[in-house]
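Q: Please take a close look at one part of this model and describe how its elements are arranged. I would then like to see how that part relates to the remainder of the chain.

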Amino acid sequence: MVRGSLEDVASFLQSAQDVVIVSHINPDGDAIGSMAAMGHIVRAMGKQVAFVHETGVPQRFSFLLDAPCAVYDDTMGPRSHVVCVDCASLERIGAVQRMCRGAVLNIDHHATNVGYGSHNYVVPHAASTTHVLMDVLRHLRVPLTQPLASCVYAGLLTDTGGFRFRSATADVFAVAHELVCAGADAHALAFRLLEQKTMQHVHVLARALQTLSFAQENKVAWVVLDRDALAGAGEDDIEGIVHIPTMIAGVHVGVLFKQKGDHEVKVSLRAQADVNVARIAEQFGGGGHILAAGCTVHDTLEHAIQRVIAAVCCAV
Ligand SMILES: [Mn+2]
């Protein structure tokens, strides 16, 4: 069920002069693509735009924004009109919440989004928030310019895993067709957003592969990043490492261990076969989805690996 309406979006924008556009912490391609696309839409309506983010925009996504994004600090006061894109809850924008004392427009595609804004337009299970923004720009009759089409395409591309996930429906391909016709450069965007990696990523990957281990007739596989391997690596540099074990044919459950402290190990579980990894994560105080879950184990790295792998082996 759609929460809110396009009329809600229109009434928010009509009442605004200056609009602040924000998105979630640890932003992905859809978060930044949606901020940038929303910026184009708001400006097309003759309004002023400011981009704000708690930690700023990762370098690999910054080319999508056509104006600088301010890093939030406490001297920034509340604003009358804030747009949150791709945020399942207001908590997801971090400290930027303090700017939200006036009207808040929530545009998103997460099924768990309850409609926390004063104005909402949430389309659960849409492939990306930028996909939802296609409805918005059509309703507002905003022309689909080349820069706008590129931003929408960026979110669609990254949130569907390069059009590989089940969310890549016929409708998604129809929208992608429209965007490429409008000038989105599918090749360049795929290269910059999916193929290209940071130097640090390749170093982390090399370290992870050295630790690749197996159990239970190779049905369980895991990689480990100790503190040394994680030194200087951002979330961006670790992205995708979690999928390495489950890429291997025959592996049912893959695990990534990240050592955060002497007695703090973050564990990410991924299932390829019929194993509920959320159940395993729950045994350690974590949770998640059937095929993707996580937990934090307060133990030494060695013990955390032993305990979690023992639990995984019982489940496969
Ligand atoms: Mn998204």
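A: Helix α1 (residues 6–14) lies across β1, β5 (79–85), β6 and β7, and runs at about 140° to β7. Helix α2 (residues 29–44) also packs on the sheet, where it touches β2 (18–23), β3 (48–53) and β5; its direction makes about 165° with that of β2. Helices (H or I, at least four residues) and strands (E, at least two) are DSSP runs numbered from the N terminus. The angles, which run from 0 to 180 degrees, are taken between N-to-C directions of lines fitted to C-alpha atoms, for helices over the stretch in contact. Contact here requires C-beta atoms, placed from the backbone, to lie within 7 Å.

The model is a predicted one, in which local features need pLDDT of at least 70 and side-chain atom pairs count only at pLDDT 80 or more, while totals for chains, interfaces and linings use all residues. Residue numbers start from 1 along each chain as its sequence is written.

The sheet itself is open and consists of seven strands in the order β1-β7-β6-β5-β2-β3-β4, with mixed pairing. Its edge strands, β1 (3–4) and β4 (69–71), each pair on one side only; two strands count as paired if DSSP finds at least two bridges between them. Within the sheet, β6 (residues 100–108) and β7 (residues 119–122) are parallel and share four bridges.

L133 belongs to the largest nonpolar core, of 60 residues, where I21, M38, V83, V85, L133, V152 and Y153 touch the most other members. Such a core is a set of buried Ala, Val, Leu, Ile, Met, Phe, Trp, Tyr and Cys residues joined through C-beta atoms within 7 Å. A residue is buried if 20 or more other C-beta atoms lie within 10 Å of its own, exposed if 12 or fewer, and partly exposed in between, with C-beta atoms placed from the backbone. Another core lies apart from this one and has 34 residues, including L256, V265, V275 and I309.

Strand β10 (residues 253–261) is largely enclosed by the rest of the structure, because seven of its nine residues are buried. With β11 (residues 264–271), β10 pairs in the antiparallel sense over eight bridges, and the two form a hairpin with two residues between them. V253 has A271 in β11 as its bridge partner.

An automatic or database assignment divides the chain into domain 1 (3–142) and domain 2 (199–315). Their centres, taken over C-alpha atoms, are 33 Å apart. R141 has a positive phi near 55° although it is not glycine; this residue sits in the loop between α3 (129–139) and α4 (146–159) and is exposed, with 8 other C-beta atoms within 10 Å. F163, likewise not a glycine, has a positive phi of about 60° and lies in the loop between α4 and α5 (170–181).

Overall, the chain has twelve helices and 13 strands, and 43% of its 316 residues count as buried.

Terms used: Two residues are in contact if their C-beta atoms, placed from the backbone, lie within 7 Å.
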